[in-house]
Amino acid sequence: MSVLFVENLRFLDTTLRDGEQTPGVSLNPDQKLEIATRLADIGIDVIEVGSAATSEGEREAIRIIADAGLSAEICTYVRALKTDIDYAADFGADSVHLVVPVSDLHIAKKMRKTRSQVSAMAYDAVEYAKSRGLVVELSGEDASRADPMFLQQIFSEGVARGADRICFCDTVGVLTPEKVAAYIPPLVEVAPLSIHCHDDLGFAVTNTMAALKSGASCAHVTVNGLGERAGNTPFEEVVMVLEVLYGYRTRIKKEEIYHLATLVSRLSGIPLPINKAIVGEMAFTHESGIHAHGVIREPSTYESVKPEMIGRKRRIVLGKHSGSASVEAALAEMHYHTDENQVKEIVKRIKQLGDAGKRVTDSDLMAIADAVLAVESEPIIKMRQFTAVSGSNMIPTASVTLVVDGHEMTGAATGDGPVDAAMEVLRKCVADVADIRLEEYHVNAIHGGTDALVDVTVRLSKDGKIITSRGARTDIIMASVEAMIAGMNGLLREEYENRGKNPR
Ligand code: MN
């Protein structure tokens with residue numbers, strides 16, 4: 001069965017408007033510009049950069065982004081009000097997403113108006129926006145619960161008054177593919193139609209795809225599915241469903257998707273769910289023995305999407321499900337040369353750790369492999385002394401003396417807190433030897449209480465190589481320092497070996 005989509009499907013990204021309405025998310029104009037630039041680069045057609053009526057900062061962001069000369073159309077959300085439309089035009093937007101409530105529920109309860117009052121407001125707003133030189137996308141809020149006859153009427157008249165496009169908003173995520181098949185086809189006859197879905201029941205991508213199959217020409221999306229409540233339709237999922245499952249060629253630079261996802265996650269402060277499709281940490285991670293074995297031999301056995309397509313890499317992690325094939329692959333990547341019996345013994349120890357409920361990190365594997373192979377590996381970085389101080393009237397400060405490859409070095413640094421200061425001073429000391437970056441920092445308290453064992457995991461990288469290491473202590477600062485030094489030793493060891501020192 002082949003599906004016909006319109007030629008040149010378009011994407012309107014509303015990460016900076018609906019996405020920013022995610023509770024707790026607030027982006028400053030510089031951050032918005034950084035995201036908008038990426039969105040334009042990746043191939044988004046229209047960027048909804050905010051809602052001009054919200055605040056001065058919001059308007060400043062619209063101005064900065066409109067002035068940046070991006071390839072995308074710059075759009076802003078407006079209500080059917082002259083003041084909103086004036087803001088949009090005055091601050092340099094190309095187009096407006098003109099949102100008008102269309103369900104009787106919204107018209108009566110929220111607006112306290114009648115259908116004819118709301119229609120009149122909509123038509124006046126369309127005409128005014130056109131007179132101010134704006135492209136107009138007339139959008140029906142809560143369209144899925146509106147009377148289809150009324151919807152048809154308000155869109156048709158709106159287009160007659162000058163609206164360039166129309167948009168069907170499933171504002172509270174109650175659409176189904178069956179309703180889409182009934183409502184959308186007559187509307188796409190009126191004007192180019194956008195579909196705007198929310199994921200309250202997990203149907204956002206399904207409904208968006210159904211609308212595109214019914215002739216909608218533009219999908220409203222957000223990066224990582226950010227948005228109010230359960231969020232909007234995730235950009236990355238719609239793109240990959242179109243490409244991988246329907247063979248539709250979008251104009252999106254897919255290899256940039258992961259980079260964009262992590263940028264938005266970092267700037268918005270909303271972490272990516274680890275099992276999120278396409279961009280979650282585990283989306284291309286394999287642990288179980290049989291699966292990992294299959295993937296190592298032929299990736300397509302257990303992968304429907306190639307990680308490289310979106311700028312990612314496959315990851316094999318070890319745990320109690322790991323078989324010898326994945327352990328061997330991981331060991332080879334770390335330049336260990338093992339025989340069959342040694343691998344067997346290493347697998348056995350990994351399973352013991354897994355049975356104890358532990359994740360096996362790269363540094364765990366190294367420690368196990370070193371023990372099994374009886375490798376004497378003198379740590380390259382040793383700690384002589386460490387002090388961290390903080391208090392109510394001082395800047396948290398840490399100092400450390402390290403012995404790095406036989407040379408003693410001492411340093412001090414300040415930070416936002418004692419842990420931050422500790423990480424900073426270690427980084428500073430090691431910076432002379434190697435460019436090591438801290439990618440991630442996680443703390444887990446094991447059981448409650450102030451005397452709980454604190455388990456710190458850090459991910460460090462150096463020239464693209466990543467290592468995960470752990471420290472566990474009752475003292476969070478010492479646990480962090482221990483994890484950091486273990487990781488640095490792991491990363492440096494290989495380099496020193498490559499230089500011919502400390503041969504294995
Ligand atoms: Mn919305």
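The second largest pocket is lined by 16 residues, with Ala-277, Ile-278, Phe-284, Ser-304 and Val-305 nearest its centre; a pocket here is an open set of points on a 1 Å grid over the protein atoms alone, with protein on both sides within 12 Å along at least five of seven lines, and lining residues have an atom within 4 Å of a point. The model is predicted, so to speak for local features a pLDDT of at least 70 is needed, side-chain atom pairs count only at pLDDT 80 or more, and totals for linings use all residues. Residues are numbered from 1 along each chain, and side-chain values use heavy atoms, leaving out hydrogens and water.

The volume of this pocket comes to about 270 Å³, taken as the space filled by probe spheres set on the points. Helix H9 (235-246) gives five lining residues, the largest share. By class, the lining has eleven nonpolar, three polar and two charged residues.

As for the metal, Asp-18 (OD), His-196 (NE2) and His-198 (NE2) are the protein donors of the manganese ion, 2.0 to 2.3 Å from it, donors being N, O and S atoms within 2.8 Å. Both His-196 and His-198 are buried.

Notes: Donors are N, O and S atoms within 2.8 Å of the metal (3.2 Å for Na, K and Ca); water is not among the atoms, so sites may look incomplete. Buried means under 20% relative accessible area, exposed over 50%, partly exposed in between (1.4 Å probe, protein chains only). On a 1 Å grid over the protein atoms alone, a cavity is a set of points where a 1.4 Å probe fits but cannot get out, and a pocket is an open set with protein on both sides within 12 Å along at least five of seven lines; lining residues have an atom within 4 Å of a point. Helices (H or I, at least four residues) and strands (E, at least two) are DSSP runs, numbered from the N terminus. Ala, Val, Leu, Ile, Met, Phe, Trp, Tyr, Cys and Pro count as nonpolar, Asp, Glu, Lys and Arg as charged, and the others, Gly among them, as polar.
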